[in-house]
Amino acid sequence: MPQQFTKATYNAICDKLAQMDADFANVIQLYGYPPMWTRPNTFETLVHIILEQQVSLASALSALNKLRERVQEITPGRILLLTDAEMRECYCSRQKTAYIRYLAEAIISGQIDLEAFQQMEDADIRAQLTALKGIGNWTVDVYLMFVLQHTDVLPIGDLAIVNAIKRLKSLPKETLKEELVLLAEQWKPYRTIASMLLWHYYLSDRKPKM
């Protein structure tokens, strides 16, 4: 079983990271502890994460709320009853409509079992989810972090994380992602909580963006 964080352990892990990295200590001193962002282990949550791909959080939430209005409860069966036109009215692009339907079909068929993921290793969960069209590593990273609360996930495909590391560490804009992944090795086995601190810093810091 991968290590998980809880409300009871979250701030203590933040403190450990602050001891490991003075920059994190400064973030906590300036802005306090980051929120413990979590989401339930549901089909709706994965739909929400798919909707968040490459758009603003506000846009994704608008689409999710439109789907909720349309079907009341976002379940695989109810989503599959919607036509292309109805999905468009809920601000779902053609591509994301297809991705959401692939996921719904996988859950109905038993190919994907969200409850079983609670007991599985990251690599096995990643293999199952990325086998579905439209689900890549960023989507899996967010699921592992926010839903399953695994402690050691680094979402290096997230632009805010990349920019936050560069800003916090005063790195050049052209620093490669591979270099950032190596830098983040020092935060093991708590890279999820390090990422929460980075997002918190990114959202709280008022310096001009890079």
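## Ground rules

Residues are numbered from 1 along each chain as its sequence is written, and side-chain values use heavy atoms, with hydrogens and water left out. Because the model is predicted, local features need pLDDT of at least 70 and side-chain atom pairs count only at pLDDT 80 or more, while totals for chains, interfaces and linings use all residues.

## The nonpolar core

Let's start inside. The largest nonpolar core has 67 residues; such a core is a set of buried Ala, Val, Leu, Ile, Met, Phe, Trp, Tyr and Cys residues joined through side-chain atoms within 4.5 Å. Here buried means under 20% relative accessible area and exposed over 50%, with partly exposed in between (1.4 Å probe, protein chains only). Leu17, Leu51, Leu67, Ile100, Phe117, Leu129 and Tyr143 have the most contacts inside this core. Helix 13 supplies the largest share of the core, eight residues. Helices are DSSP runs (H or I, at least four residues), numbered from the N terminus.

Leaving aside residues up to four places away in sequence, Tyr143 touches Asn41, Leu46, Ile49, Leu114, Phe117, Ile125, Leu129 and Leu148, where contact means heavy atoms within 4.5 Å.

## The largest pocket

The largest pocket has a volume of about 680 Å³. On a 1 Å grid over the protein atoms alone, a pocket is an open set of points where a 1.4 Å probe fits, with protein on both sides within 12 Å along at least five of seven lines; lining residues have an atom within 4 Å of a point. Grid points are joined across faces, edges and corners, and the volume is the space filled by probe spheres set on the points.

In the largest pocket, 21 residues form the lining, and Leu57, Trp138, Asp158, Ala160 and Trp199 lie nearest the centre. Helix 3 (43-52), helix 10 (137-147), helix 11 (159-168) and helix 13 (191-204) each give two or more residues to this lining. Helix 10 gives the most, with four residues. By type, the lining divides into 11 nonpolar, seven polar and three charged residues. Nonpolar covers Ala, Val, Leu, Ile, Met, Phe, Trp, Tyr, Cys and Pro, charged covers Asp, Glu, Lys and Arg, and polar covers the others, Gly among them.

## An enclosed helix

Helix 11 is largely enclosed by the rest of the structure, because nine of its 10 residues are buried. The buried residues include Ala160, Asn163, Lys166 and Arg167. Among the elements covering them are helix 2 (22-31), helix 12 (177-184) and helix 13.

## Cysteines

A search of the whole structure finds zero disulfides, a disulfide being a pair of cysteine sulfur atoms within 2.5 Å. For Cys90, the nearest cysteine sulfur is that of Cys92, 5.9 Å away. Cys90 counts as buried at 2% relative accessibility, and Cys92 counts as buried at 3%.

## Backbone features in the loops

The peptide bond from Lys188 to Pro189 is cis, with omega near 0°. Pro189 sits in the loop between helix 12 and helix 13.

Two glutamines have a positive phi although neither is a glycine: Gln54 at about 60° and Gln149 at about 55°. Gln54, in the loop between helix 3 and helix 4 (57-71), is exposed, with a relative accessible area of 83%. Gln149, in the loop between helix 10 and helix 11, counts as buried at 17% relative accessibility.
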